[in-house]
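Hello,

Here is the structure I promised to pass on. Please open it first, then read my notes below.

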Amino acid sequence: MKHLTQLTLTALAALSLSACGRGEIDHSKMDDAKMDHSQMDQMKSMGDTGHTTGIIVSVSPDGKEATIDHQEIEGVGMGAMTMGFGITSAVDLSGFAKDDKVSFMVKKGRDGSYRITAICNTDTDGKDCLDAKMDHSGH
């Protein structure tokens with residue numbers, strides 16, 4: 001829903017810019033105090049990398065994708081949902097299975113999809129396991 005709202009705002013902004021270029025908007029009647037800019041700050045803070053926790057729903061047989069029921073992904077503006085993630089070459093999913101509680105990092109690729117760049121099992125490795133893993137990998 002959040003993504004749909006952002007798409008709608010983007011489309012409306014494009015239409016407004018188009019109309020403005022043709023002189024169809026009377027800027028003297030616009031009152032900046034009445035305009036809602038709450039989405040703008042949120043859109044500016046979104047990035048290409050994020051962190052969240054979740055529960056593994058499944059791991060693909062080839063170990064190249066995990067479906068995770070995850071919380072909001074901080075940093076990318078994605079709400080809680082269940083979705084499939086590919087992995088980067090640095091990630092090994094062989095030790096993960098259905099119902100594992102995990103903490104993981106994602107990065108948006110050039111194709112627009114999010115891939116897991118780091119993952120750990122919070123039940124076996126502790127709730128801060130990703131922090132420790134990132135410290136040891138030099139990141």
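This is a predicted model: local features need pLDDT of at least 70, side-chain atom pairs count only at pLDDT 80 or more; totals for chains, interfaces and linings use all residues.

**What I found**

A polar atom of the N121 side chain lies 3.2 Å from the backbone nitrogen of T124.

Where is N121 found? It sits in strand β5. Is N121 buried or exposed? Its relative accessible area is 9%, which is under the 20% cut-off, so N121 counts as buried.

Now the whole chain. It has four helices and five strands. From the N terminus, the order is α-α-β-β-β-β-β-α-α. The chain has 139 residues, and 24% of them count as buried. It exposes about 9,400 Å², with 54% supplied by carbon and sulfur atoms.

Next, the core. In soluble globular proteins, nonpolar side chains tend to be buried together. The largest nonpolar core here has 18 residues. I68, F85, F104, I116 and I119 touch the most other members. Strands β2 (65-70), β3 (81-87), β4 (101-108) and β5 (114-121) each give at least two residues to this core.

Take a look at F104. Leaving out residues up to four places away in sequence, F104 touches several others, including G50, H51, I68, F85, I116 and L130.

Best wishes

Methods: Residues are numbered from 1 along each chain as its sequence is written. Side-chain values use heavy atoms; hydrogens and water are left out. Buried means under 20% relative accessible area, exposed over 50%, partly exposed in between (1.4 Å probe, protein chains only). Accessible areas come from the Shrake-Rupley method with a 1.4 Å probe; for residues, only the protein chains shown count as cover. A nonpolar core is a set of buried Ala, Val, Leu, Ile, Met, Phe, Trp, Tyr and Cys residues joined through side-chain atoms within 4.5 Å. Contact means heavy atoms within 4.5 Å. A polar contact is a pair of N or O atoms within 3.5 Å; within protein, one must be able to donate a hydrogen and the other to accept it, and residues adjacent in sequence count only if both atoms are side-chain atoms.
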